[in-house]
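Dear colleague,

Please find the structure below. My notes on it follow.

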There are 2 protein chains.
Amino acid sequence: MHDDPNATCPVARALDLIGDRWSLLIVRDAFDGVRRFSDFQRSLGMSRSMLSQRLQALLDAGVLAQQPAADGSRYHDYVLTPQGQGLFTLVVALRQWGEDFLFAEHEPRSQLLTLADGQPLAPLLPRDREGRVLAATATHVVKPATR
Amino acid sequence: MHDDPNATCPVARALDLIGDRWSLLIVRDAFDGVRRFSDFQRSLGMSRSMLSQRLQALLDAGVLAQQPAADGSRYHDYVLTPQGQGLFTLVVALRQWGEDFLFAEHEPRSQLLTLADGQPLAPLLPRDREGRVLAATATHVVKPATR
DNA sequence: CAGGATCCAATACGATACTG
DNA sequence: CAGTATCGTATTGGATCCTG
């Protein structure tokens with residue numbers, strides 16, 4: 001994963017940080033408002049040692065940050081940084097793909113992430129650094145099948 | 001990953017299939033036009049045994065399919081199924097996030113995936129099963145911080 | 001409650017050798 | 001070339017016990 005061609009590929013570099021089986025589930029829960037160690041552990045059903053490792057890795061990567069606990073306890077909350085919030089599109093795409101191809105027609109699925117009033121937030125669409133919507137500027141596109 | 005809450009979550013179910021360190025890199029290469037075993041192996045720098053396992057898993061999952069080789073050799077090509085092509089948005093989102101947060105301002109990055117004439121294809125935007133753009137219907141949204 | 005330390009099982013992975 | 005088989009190592013991940 002750290003060899004020359006992949007080292008300069010944004011996809012590979014991203015997967016190096018969040019391409020394991022737990023990180024994006026933690027991020028998903030964070031988008032859902034989960035903030036406390038025990039809540040992550042209960043929601044994900046993973047061992048505390050692994051959760052500790054993964055949370056630390058996400059802190060190191062700048063995806064999560066620690067804050068003083070909102071409830072005033074002596075512990076801290078894990079919250080998404082702006083970089084972590086930038087994963088919103090990715091999590092939505094993952095969910096969309098799962099819904100489209102991995103569920104039967106009317107199979108029930110969890111609807112964890114909605115506003116309290118049932119109103120969905122408009123998801124962030126991917127944009128380039130100039131702020132233009134990705135659709136107009138994406139460089140990661142399919143080559144013609146000729147090759 | 002197979003416990004009750006996560007079993008009905010589309011995000012978790014998707015990650016169960018393509019949430020490892022290699023699958024999405026294989027898919028990325030497939031979008032780039034790579035079709036042959038050796039080409040994947042050279043491009044990714046992974047061992048042949050692992051590549052074999054991952055390709056088989058992606059075949060089983062319905063992400064890839066085998067076709068008679070385009071060059072007439074006795075081997076076969078690995079090509080993206082419609083389900084695999086549905087990962088396009090995901091790969092683009094991954095790339096976009098990597099570019100936005102994991103690269104320095106003018107750091108060079110690989111631009112593997114462009115059309116031969118330099119023109120980008122319009123990426124597929126995530127849609128619901130009725131064909132509406134995801135922005136209007138996403139249920140995977142941030143909860144208010146109150147919780 | 002929020003972890004760290006330790007131990008152990010299962011798996012991921014690479015290197016090498018083998019096959020048609 | 002396109003794999004499969006075998007081996008050894010590294011990493012993953014859970015279980016258990018420990019601490020402030």
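The largest share of the surface near DNA strand D, three residues, comes from helix 5 of chain B. Here near means that a residue's C-beta atom, placed from the backbone, lies within 6 Å of the strand, and helices are DSSP runs of H or I with at least four residues, numbered from the N terminus.

This is a predicted model, in which local features need pLDDT of at least 70 and side-chain atom pairs count only at pLDDT 80 or more, while totals for chains, interfaces and linings use all residues. Residues are numbered from 1 along each chain as its sequence is written, and chains are lettered from A and ligands numbered from 1 in the order in which they are written.

DNA strand D is surrounded by 14 residues, the closest being S47(A), F37(B), S38(B), S52(B) and Y75(B). Two or more residues each come from helix 5 of chain A and from helix 4 (37-44) and helix 5 of chain B. By class, five are nonpolar, five polar and four charged (Ala, Val, Leu, Ile, Met, Phe, Trp, Tyr, Cys and Pro count as nonpolar, Asp, Glu, Lys and Arg as charged, and the others, Gly among them, as polar).

Around DNA strand C there are 15 residues, and F37(A), S38(A), S52(A), Y75(A) and S47(B) are the closest. Here helix 4 (37-44) and helix 5 (48-61) of chain A and helix 5 (48-61) of chain B give two or more residues each. The surface near DNA strand C has five nonpolar, five polar and five charged residues.

Regards
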